[in-house]
Amino acid sequence: MEDSPKSDPTKAGHQQQQKAENVPKSGERSDQGKAPAPDHYRPDPQSMRDESNITPAEVANAKYTNPILAQPPEALTGLTLDAPAKIAAGVTAVLKSMEFSWKEGGLDRGTRGLLKMNQKDGFDCSSCAWPDPDDHRSVAEFCENGAKATASDADDKAAGPEFFAKHSLAQLSQMTDRDQNNAGRLTHPLVKRPGDNHYSPIAWADAFNIIAKELNALDSPDEALFYTSGKVPNEPAFLFQLFAKQFGTNNLPDCSNMCHESSGAALSPTLGLGKGSVTLNDIHEAEVILIIGQNPGTNHPRMLSALQKAKKNGAKIISINPLLEAGLNHFKNPQDFMNPFKALGALLGDGTQITDLFLQVRVDGDMALLRGIMKHLFEAEDLNPGQVVDRPFIDKYTTGFESFEQNIRNTPWEDIEELSGISRAQLLEAANIIAPKQKIITCWAMGVTQQRQGVQTIQEIVNLQLMKGAIGKPGAGTCPVRGHSNVQGDRTMGVWEQPTKEFQDSLGKEFNFQPPYEHGLDVVDSIKAMYKGKTKVYFGLGGNLLAAGPDTEVIAEGMRKQKLTVFVGTKLNRGHLVTGETSLLLPCFTHADVDMQRSGHQMTSCENSMGVVSQNKGILVPLPGQMMSEVAILAGVAIATLGEKTNIADWVAMTENYDVIRDHISRVIPGFENFNEKLRRPGGFYLPNGPRERKFTTKNGKANFTTTEFQKYQRELEPGQLVMMTVRSHDQFNTTIYDYNDRYRGVTGERRVLFMNEHDMAERGLKSKDLIDITSHFLGSTRTVEKFLAIPYDIPKGNVAAYFPEANPLVPIASVARTSNTPTSKYVVVTVVPAHKTVGAPVELRLAVEA
């Protein structure tokens with residue numbers, strides 16, 4: 001390895017190494033570096049996957065046969081219902097932010113954490129991946145849910161060895177997910193040995209040796225799985241995939257397999273890059289913004305500020321969702337309360353109206369809706385030749401237009417209206433907004449990606465953008481809104497079960513080894529492999545696969561079959577309790593923690609939804625204990641496992657100074673040239689983005705229209721069946737539960753609820769708050785969850801919604817989106833019946849197991 005010019009220990013993590021000249025601005029269209037290799041998906045992914053169905057034992061009985069609960073306990077916590085909110089954020093969001101911050105981290109730690117979050121010399125929020133402004137940033141550059149995430153990270157309570165000595169795994173599993181998270185920060189490495197029912201302390205060296213022993217005893221490296229959470233910064237993510245590949249496998253399932261995998265699968269063959277093409281300033285400049293299958297008021301609240309700015313600049317916003325969420329109705333910007341000229345109006349007024357047109361689509365009806373809008377646009381083009389469809393752009397930059405056009409024109413209006421639930425007249429209203437405009441942005445999230453036709457629906461989104469020439473210019477483009485702080489960066493760093501040959505060649509050359517080229521297992525195939533006993537070691541770098549994945553009891557059974565489970569984390573979650581024969585629970589730092597290594601105070605980096613890479617530099621002193629950084633943990637595992645098969649000195653150097661890691665990255669991954677210098681620019685730097693500049697790195701060098709197949713799944717429903725989607729509550733981020741409330745939807749004190757159309761409730765003889773059981777149906781198998789409460793809500797007839805992870809046991813492992821293999825959490829066929837009375841035997845069995 002050549003000498004690193006950044007290995008001066010006195011400069012580790014110092015922002016002063018780079019002056020603030022040439023800070024990138026959103027919306028710039030200058031060349032931003034060498035375009036990355038196209039991340040094309042394998043040509044026929046389904047033929048190389050395990051498509052078998054798993055019919056697990058009756059899910060309703062699993063809680064009686066296993067003393068360690070894989071599902072949250074069924075005890076109800078006290079439901080109160082109010083009218084859903086019509087305004088998001090406002091003074092309540094400010095007060096909630098303060099309440100969480102001071103309750104979790106204390107006044108000092110909580111306040112310091114908030115004031116440095118998302119600042120140019122601070123750390124990146126550990127929750128969503130919404131971008132920060134390039135120029136001015138306010139003192140409070142965070143949202144309510146970001147405040148909750150940072151407060152949780154800054155927790156001044158410790159869940160140390162004494163806590164785990166007091167509580168068995170079975171007892172811990174009886175706690176709610178909220179109470180597990182609120183138990184405190186993990187502070188010491190812990191082990192559960194075969195036959196034990198408690199975690200107990202272990203020395204770091206011994207933990208590394210256990211991992212090395214179990215990995216090196218495998219018959220094949222492919223008997224190990226290496227799972228990653230989107231919370232992991234770039235530097236440890238790069239080391240994680242490097243270690244897995246030096247060990248010999250591409251089994252790198254990642255949380256992105258369950259969220260925006262469908263986006264990458266749709267964008268890569270159509271535009272050449274599996275990421276969005278817009279910047280934050282593009283949102284501000286857009287004339288029309290479509291928001292599909294997304295709830296920014298809860299999941300990405302800072303997006304509302306950008307939408308507010310777009311509205312003030314004259315943008316029209318079309319919201320497409322089965323639920324009218326408060327954040328897409330009206331928004332009160334909490335920043336206005338800090339401005340004496342705006343404070344009174346912000347306090348008394350209704351805020352900014354966000355949505356101009358709301359289309360309450362049926363679950364899985366988005367493809368039909370998009371086809372209806374485009375069908376209207378073609379009819380408008382017939383009446384106004386050259387005024388609606390951008391033929392010059394299409395002729396110069398695209399292929400496949402004629403087939404696509406014929407496909408849309410041939411789609412019957414009857415199918416469009418039936419499957420979308422939206423009338424032809426409403427779709428015309430949307431088309432009339434779009435037709436005369438060119439600066440159009442479409443945003444989407446998991447409400448689209450987790451449908452059975454998620455990939456094909458996103459391809460229709462791309463078709464709409466292309467027919468309008470609305471890509472590769474300011475104010476226009478594609479905007480998949482990523483859910484976790486660095487889920488996009490982890491993929492950029494090589495965490496992918498389908499690595500490109502270009503990436504593997506570059507990695508092998510840099511580190512002088514032969515990487516594996518065979519594709520590995522994604523999340524769904526990993527769960528199946530664990531369940532079938534084909535793997536023996538599960539290594540999770542953050543995250544909570546048990547709660548995030550589909551078919552909870554299948555995951556649990558798979559985990560129990562492992563020889564070793566390893567969990568690297570910051571706080572306790574249910575996934576740490578359902579373990580293999582031996583299990584390790586290894587505590588690591590958060591984004592907010594000071595990371596001191598031999599060369600000084602280290603920083604890491606994250607990539608946001610719009611391809612900006614910026615620094616994390618923690619400011620809170622870690623709690624007393626034996627926590628280590630993710631980098632140090634991975635280096636310890638790699639050295640113990642690989643020994644002389646790797647360059648031990650290099651792993652040591654990378655641990656002592658993270659600049660050395662970034663020097664490696666700069667030589668492996670296009671766009672990261674001079675990584676250390678660029679990262680030290682205030683605000684970070686943009687990665688190259690071909691579609692942003694109309695450089696489409698597809699196989700044919702063109703942007704490709706797609707002629708999609710229109711599958712009418714809704715017509716397959718049997719009488720009495722409904723289509724369920726899973727959603728988050730407002731006091732939740734991904735699988736982390738902060739409290740039992742969902743303020744914007746009017747739900748307080750409970751999570752075991754099912755949102756139902758009042759007509760569907762009446763047909764089943766249900767009243768508000770009636771106790772129900774829910775059963776899902778797939779390929780002849782059923783799964784049941786018990787003790788939910790039915791509540792009436794404004795949702796399309798035939799559709800219902802429930803929170804995850806409580807409803808995840810209903811999501812069949814074999815029900816996946818075509819091409820991406822993403823679990824279909826937004827299309828679960830269910831029936832709902834009044835809850836049966838629990839008989840005595842199962843209760844006695846549970847008590848006997850506990851005793």
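Two strands pair if DSSP finds at least two bridges between them. The exercises below apply to a predicted model.

**Exercise 1.** Determine which strands pair with β8, and in which sense.

*Solution.* 
Step 1. Strand β8 covers residues 288–292.
Step 2. Five bridges link β8 with strand β9 (residues 316–320), and the sense is parallel. Within this pairing, isoleucine 289 has isoleucine 317 of β9 as its bridge partner.
Step 3. Strand β14 (residues 440–444) also runs parallel to β8 and is joined to β8 by five bridges. Here leucine 290 has threonine 442 of β14 as its bridge partner.

**Exercise 2.** State which way the residues of β8 point, and whether they are buried or exposed.

*Solution.* 
Step 1. Val288, Leu290 and Ile292 point one way, while Ile289 and Ile291 point the other way.
Step 2. Buried means under 20% relative accessible area. Five of the five residues of β8 are buried.

**Exercise 3.** Describe the surroundings of helix α23 and what is found at its start and after it.

*Solution.* 
Step 1. Helix α23 spans residues 523–531, and eight of its nine residues are buried.
Step 2. The cover over these buried residues includes β7 (224–228), β16 (537–541), α24 (545–548) and α25 (552–560).
Step 3. At the start of α23, a side-chain oxygen of aspartate 522 comes within 3.4 Å of the backbone nitrogen of valine 524.
Step 4. Glycine 533 follows α23 and has a positive phi, near 75°.

Methods
Residues are numbered from 1 along each chain as its sequence is written. This is a predicted model: local features need pLDDT of at least 70, side-chain atom pairs count only at pLDDT 80 or more; totals for chains, interfaces and linings use all residues. Side-chain values use heavy atoms; hydrogens and water are left out. Buried means under 20% relative accessible area, exposed over 50%, partly exposed in between (1.4 Å probe, protein chains only). Helices (H or I, at least four residues) and strands (E, at least two) are DSSP runs, numbered from the N terminus. Contact means heavy atoms within 4.5 Å. A polar contact is a pair of N or O atoms within 3.5 Å; within protein, one must be able to donate a hydrogen and the other to accept it, and residues adjacent in sequence count only if both atoms are side-chain atoms.
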